[in-house]
Amino acid sequence: MASTVTSSGFITSVLHECALLQKYDVSGPRYTSYPTAAQFASGFDGSDFLNAVYTGVEVIAPLSLYIHLPFCENICYYCACNKVVTRDRSVVRQYLDHLHHEMALLRLQLKLSHRPVTQLHWGGGTPTFLDAAEMTELMHLTAQHFNLSRDNSRDYAIEIDPRTVDREKIDLLRGLGFNRISLGIQDFDPGVQQAINRIQTVEMVSALVDYIRERSFHSLNFDLIYGLPRQDEATLAKTLDVVIGLSPDRISYYNYAHLPERFLPQRAIDRLTLPTAEQKIRMLSLITEKLVAAGYVYIGMDHFVKPDDSLAVAQREGHLARNFQGYTIAKAQDLIGLGVSSISSFDRVYAQNTTDLDAYYKALDENHLPVAKGVVLTDEDVLRREIIQELLCQRHLDIASLQRKYNIDFMTHFSEAIAALRGMEADGLLVIAPEAILVNENGYPFLRNICMAFDEYVKGHLQSQTVRYSKTL
């Protein structure tokens, strides 16, 4: 069982050790899955997905749903999401019709109607690009094809651009059954907002936060980014003071990855206005120090939560999980992704829908699931996935338990990984014992590096540059 961080001394001290930072500030996966999306094979289609998951047995285990709504009215220069920027509201009709068709195909072929949906997430893009009637229609369509839970313990979340909602829309979302909200904040400094083309005042966000609390949502998350153009420690400190004052239940503070060759909107950002690698490290130190001092628990990577939040409780109790939306509570093993670019995860199968909107429409018009790539996990993948999940979520690995479960000699089976970890052990990031591996507090910022030791695929990609990953710090 993992311990929680209640003081920032160890973390901030290690973040100031330049030699360690230079050593471990490398490119690497974020491990929202293992194998990661870089291993999803093209040519894997809807038939492959159905063949891999179909058993003929009607399962009643809980289910998680993710619905991707790609439309945005305005472009944000930093964004790396799959999106369609348009002010033509008529595009929603065609998309909803095809989502309906996709739901019908999945329900027909996978016998999903009896499985309670304990987790639902609308992401984007900007889900609130849809108007009230369209959001109501989408929720009703989902309820027609899936068994939406009414239990108070469900997690039904939506990502919101604060510029796109008012009190009436918040009332609607609560009425539709959402009980968690994630606000895309990014940064509160006016200069930074101008540089990323996302202007939203503190006053506007504060009023929205007050009303969300008035409507008794279970949880409020802020998404923020460090490493943005025109951002420095002084502006970041002011943003952090505002965030702490607004007191969201959860905070996700992502590291901006500037990859303009992959994400065209980022070409509007002047590279010379970006913080240096050293400045970004100091920013990460400042974020951790201020949030932990304010009472937040650092649960891993870029996530901070209040001590009584369900994510913190799940970590203390040993059942925190991680999926394509980040850290989560393990309420459902299987995830259905709906919409363009969405990813489904069923036990030993990952399947991703096409990222091209026209191709998505074409597949469904031909009565095919719009799956464009995927992977079926090997026994070795399953073993390494469990190890990476445990390290990311619990920061502790029970070697004895893994040996019994998988009938392996851990130290022999993972001799290469252990050799890599010995160097990290010497740097004070973790402890390797005969029965367990324990990540120390000053190893928490390096969880991605630690997990990479168990990744069979990442070494070749880093050497060949066939896949561009973000920096780990």
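Analyst: Begin at Asn-407, in the loop between helix H14 (399-406) and helix H15 (410-413). Helices (H or I, at least four residues) and strands (E, at least two) are DSSP runs, numbered from the N terminus. The model is predicted, so local features need pLDDT of at least 70 and side-chain atom pairs pLDDT 80 or more, while totals for chains, interfaces and linings use all residues. Residues are numbered from 1 along each chain as its sequence is written, and side-chain values use heavy atoms, with hydrogens and water left out.

User: What is the phi of Asn-407?

Analyst: Asn-407 has a phi of about 55°, a positive value, although it is not a glycine.

User: Is Asn-407 buried or exposed?

Analyst: Read the relative accessible area: under 20% is buried, over 50% is exposed, and in between is partly exposed (1.4 Å probe, protein chains only). Asn-407 is at 73%, so it counts as exposed.

User: Where is Ser-341 found, and what is its phi?

Analyst: Ser-341 sits in the loop between strand E15 (334-338) and strand E16 (343-346). Its phi is near 75°, again positive in a residue other than glycine. Ser-341 has a relative accessible area of 12%, so it is buried.

User: Now peptide bonds. Which bond into Pro-35 is cis?

Analyst: Look at omega. From Tyr-34 to Pro-35 the bond is cis, with omega near -5°. Pro-35 is in the loop between helix H2 (18-24) and strand E1 (41-42). A cis bond also runs from Gly-124 to Gly-125, with omega near 20°. Gly-125 belongs to the loop between strand E5 (116-124) and helix H5 (132-145).

User: At what angle do H3 and H4 pack?

Analyst: Axes are lines fitted to C-alpha atoms, for helices over the stretch in contact, and angles run from 0 to 180 degrees between N-to-C directions. Helix H3 (residues 46-53) and helix H4 (residues 91-110) make an angle of about 35°, with axes 11 Å apart.

User: Which residues of H3 and H4 meet?

Analyst: Phe-49, Leu-50 and Val-53 in H3 meet Leu-106, Gln-109 and Leu-110 in H4. Contact means heavy atoms within 4.5 Å. The classes are five nonpolar, one polar and no charged. Ala, Val, Leu, Ile, Met, Phe, Trp, Tyr, Cys and Pro count as nonpolar, Asp, Glu, Lys and Arg as charged, and the others, Gly among them, as polar.

User: How far apart are the axes of H6 and H8?

Analyst: The axes of helix H6 (residues 167-176) and helix H8 (residues 202-214) are 10 Å apart, at an angle of about 35°. H6 passes H8 in a right-handed crossing. Arg-167, Ile-170 and Asp-171 in H6 meet Leu-208, Tyr-211 and Ile-212 in H8. That contact has four nonpolar, no polar and two charged residues.

User: On to voids. How many cavities of 30 Å³ or more does the search find?

Analyst: On a 1 Å grid over the protein atoms alone, a cavity is a set of points where a 1.4 Å probe fits but cannot get out; a pocket is an open set with protein on both sides within 12 Å along at least five of seven lines; lining residues have an atom within 4 Å of a point. Grid points are joined across faces, edges and corners, and a volume is the space filled by probe spheres set on the points. The search of the whole structure finds two cavities.

User: What lines the largest cavity?

Analyst: The lining has 17 residues, with Tyr-226, Leu-284, Met-301, Asp-302 and Thr-472 nearest the centre. Twelve are nonpolar, two polar and three charged. The largest share, three residues, comes from E10. Strand E10 (250-255), helix H10 (277-293) and helix H17 (447-452) each supply at least two.

User: And what lines the second largest cavity?

Analyst: This cavity holds about 50 Å³. Phe-49 and Leu-106 are among its lining residues, and both also take part in the contact of H3 with H4. The lining also includes Glu-102, Gly-337, Ser-344 and Asn-353. Its classes are five nonpolar, three polar and one charged.

User: How much space lies in the second largest pocket?

Analyst: About 750 Å³. Of its 35 lining residues, Ala-321, Arg-322, Gln-333, Arg-385 and Gln-389 are closest to the centre. Strand E13 (320-323), strand E14 (326-329), E15, helix H13 (379-393) and H14 give two or more residues each. H13 gives the largest share, seven residues. The lining divides into 14 nonpolar, twelve polar and nine charged.

How values were computed. Left-handed = near helix turned anticlockwise from the far one by under 90°.
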